[in-house]
Amino acid sequence: MRTPLRFLGPLATAAALLGLVASPAQAATVLTSGHVDVVDVDYACGALSVHVLDGTGSTDVERPPGDVTFRVPLAAKHTNVPTTSAWSFLGTGGTAWILPQSQDSGLLWAGWNTTEVPSGVFRNNRVSFRLTNVSGPAGFSVYTASGSTPTVLFDSGDGLPDALDVNAGAHTHANWGFDAPGTYTVTFDVTGVLSSTGATVSSGPQQFTFEVLDG
């Protein structure tokens, strides 16, 4: 039964009349281990969109980036990062927190995909991922490694923006590196040039939150 406004009290009545009674904020989904595509790109009806594809459960779920926190636990901490120049993007202290490009129980297996981007829509059949901003206690990077040789894809330490061309229909995993514990807000956008018109379409900036733990 609807409660008559006269029983709500004067302040509550005013709020109800003005539509100012706020619903509780939705808590962020915290992802801690398993498969996740951090940047999940879709193209439909002339628009590029970006979600998080959460594959940590029995069913894949698309989530808005702002509703997700990616947790990087103490188990991701490495204290033996090579001190050679090739690895300097991970900082100079020999320590980094790394979500690995190969699946590791207890850690997030983080990547991206463009499997919902149809072939032939974009020039060169590619879209561009751009890392435009990183807010956090230290450096952030994304890289692949073959043996002892890294290939750096994104590095906040050498200036932004960084860009990476990604083929339509791709699904890729990489190493996600953090130089110190703390909370990082990482901003990506995705753009593409339409083959039919030459016009550029963009997802707009999307923010992703990583919580790096040291205990």
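Two rings of Phe, Tyr or Trp (for Trp, the six-membered ring) pair if their centres lie within 6.5 Å, and the pair counts as stacked with planes under 30 degrees apart, edge-to-face over 60 and tilted for the rest. Ring pairs of this kind link Phe70, Trp112, Phe129, Phe140, Trp176, Phe178, Tyr184 and Phe210 into a cluster. This is a predicted model, where local features need pLDDT of at least 70 and side-chain atom pairs count only at pLDDT 80 or more, while totals for chains, interfaces and linings use all residues. Residues are numbered from 1 along each chain as its sequence is written, and side-chain values use heavy atoms, with hydrogens and water left out.

The structure holds 15 aromatic pairs. Take Phe140 and Trp176: their rings sit 6.2 Å centre to centre with 50° between the planes, a tilted pair. Phe140 belongs to strand E10 (residues 140-146) and Trp176 to strand E14 (residues 175-178), 36 residues apart; strands here are DSSP runs of at least two residues, numbered from the N terminus. Both Phe140 and Trp176 are buried, meaning under 20% relative accessible area with a 1.4 Å probe, protein chains only.

Now for the sheet. E10 and E11 pair over six bridges, in the antiparallel sense, and Tyr143 stands opposite Val152 in E11.

Methods
Helices (H or I, at least four residues) and strands (E, at least two) are DSSP runs, numbered from the N terminus. Buried means under 20% relative accessible area, exposed over 50%, partly exposed in between (1.4 Å probe, protein chains only). Two strands pair if DSSP finds at least two bridges between them.
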